[in-house]
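Me: I'd like to go through the labels in this one and check what each rests on. Can we take them one at a time?

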Amino acid sequence: MMNVAIMGYGTIGSGVAEILEKNKDTIAKTVGQEVALKYVLDLREFPGSPIEDKLIHDFSVVEQDQDVQIVVETMGGLNPAYPFVKACLLAGKHVATSNKALVAAHGTELLEIAREKEVNFFFEASVGGGIPIIRPLYRCLMGEQIEEITGVLNGTTNFILTKMDKDGWSFDAALKEAQHLGYAERNPEADVEGHDTCRKIAILTAMATGKEVNYEDIYTEGITQITDVDFLYADKIGMSIKLVGASRIAADGMVSAYVVPLMITKEHPLYMVSDVFNGILVKGNMLGTSMYYGSGAGKLPTASAVVADIIDAAKHVSRNVKMGWTAQKQEIAPMGANQFRYFIRVAGAPEERIAELMAFGPREVITLAKLDEFAIISRPMLEAEFKEEAAKIDGILKVIRTEL
């Protein structure tokens, strides 16, 4: 029998417990022995729940019980998740986590401890919820040189932008609905300011390069400045706006990574990724482009990914699976070195102002009825060049990057 402890009995933790019970026969058949839940660590009480007899409040019980071989961390945040996970690895226990903040901040150290102790630190559920993406990167695509990873990686922001796009809602109204439905926290900053997406693209970039990526080095811009008027323009030109995390890896090893709202055409594979779903494009030098799509969050989809890690750990209980990255630092190119086209909204009448905008090489002028403004889309420009030219123009109301 393989014993498991779950730290944190919230949405994801309870989902893991549910799957371990409902699918216990399937899991046992896959692993070759029973995988049983022994402890659930949480500060709260859960009277009448299925795990009431397994509930503990003292972490040292998990740490010191040698019969617990696999620990699941679904507490979220860094404290006490980080010290608890580190202690479990040092005690020779495998760890599976859904905590992207933990992986982004301390993944390098925790992976190194796991290697030294011949155990595993798995984090499939930290990116893309139930979408398999971490494991494909180190197994299915192991023969590829990854050239690009681009994704809609946050279900909350994608829900908000979908409401603004399809139903004409304002940002504030869409955010309130997301909070009402439980998709957004009371303080939605991590989602709407792009921080969640930033941590995820940092993890994916580290997986692709095999080097540590500091998420603080990645330029990050959220969706709080996107308006329903922006979507009216986008609709008129057959485009939509998505919050995208992207990483491009050049042949010389230099990486360009960023998180920005991006205007994309209907032909783009991410255009149809809507509501709370996630979509991730991975481009390899031999395979070309593949896409991974599914539920980016939610109790059971995310818990399913955690359980997959439990099974992987159980099947490799005596050895470390080679995956992750080293402590070598990956340099991230400055944002100014990236190239985009730019959607630019400008105050005034086009016939009066278009001459001022010729440095942007506009191909057409876009107008909306009853607005004293117009928009253009620039030629392809380096970000640094665009910023320099834009600084010379008064009355720019909004800039949104678009795909090349």
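Me: How many aromatic pairs are there by the ring-centre rule?

Reply: The count comes to 11 aromatic pairs, where rings of Phe, Tyr and Trp (its six-membered ring) pair if their centres lie within 6.5 Å. Keep in mind that this is a predicted model, with local features needing pLDDT of at least 70 and side-chain atom pairs counting only at pLDDT 80 or more, while totals for chains, interfaces and linings use all residues. Residues are numbered from 1 along each chain as its sequence is written, and side-chain values use heavy atoms, with hydrogens and water left out.

Me: What makes the pair of Tyr-258 and Phe-340 edge-to-face?

Reply: The centres are 5.2 Å apart and the planes stand at 70 degrees; planes over 60 degrees apart count as edge-to-face, under 30 as stacked and the rest as tilted. Tyr-258 sits in strand E10 (residues 255-265) and Phe-340 in strand E13 (residues 339-347), so the pair ties together parts 82 residues apart in sequence.

Me: How do you know whether Tyr-342 is buried or exposed?

Reply: Its relative accessible area is 1%, so Tyr-342 is buried; the cut-offs are under 20% for buried, over 50% for exposed and partly exposed in between (1.4 Å probe, protein chains only). Phe-386, at 3%, counts as buried too.

Me: What is the phi of Glu-118, and where does the residue lie?

Reply: Phi of Glu-118 is near 60 degrees, a positive value in a residue other than glycine. Most residues other than glycine have a negative phi. Glu-118 lies in the loop between H5 and strand E6 (121-122), and its relative accessible area of 40% makes Glu-118 partly exposed.

Conventions: Helix = DSSP H or I, 4+ residues; strand = E, 2+ residues; numbered from the N terminus.
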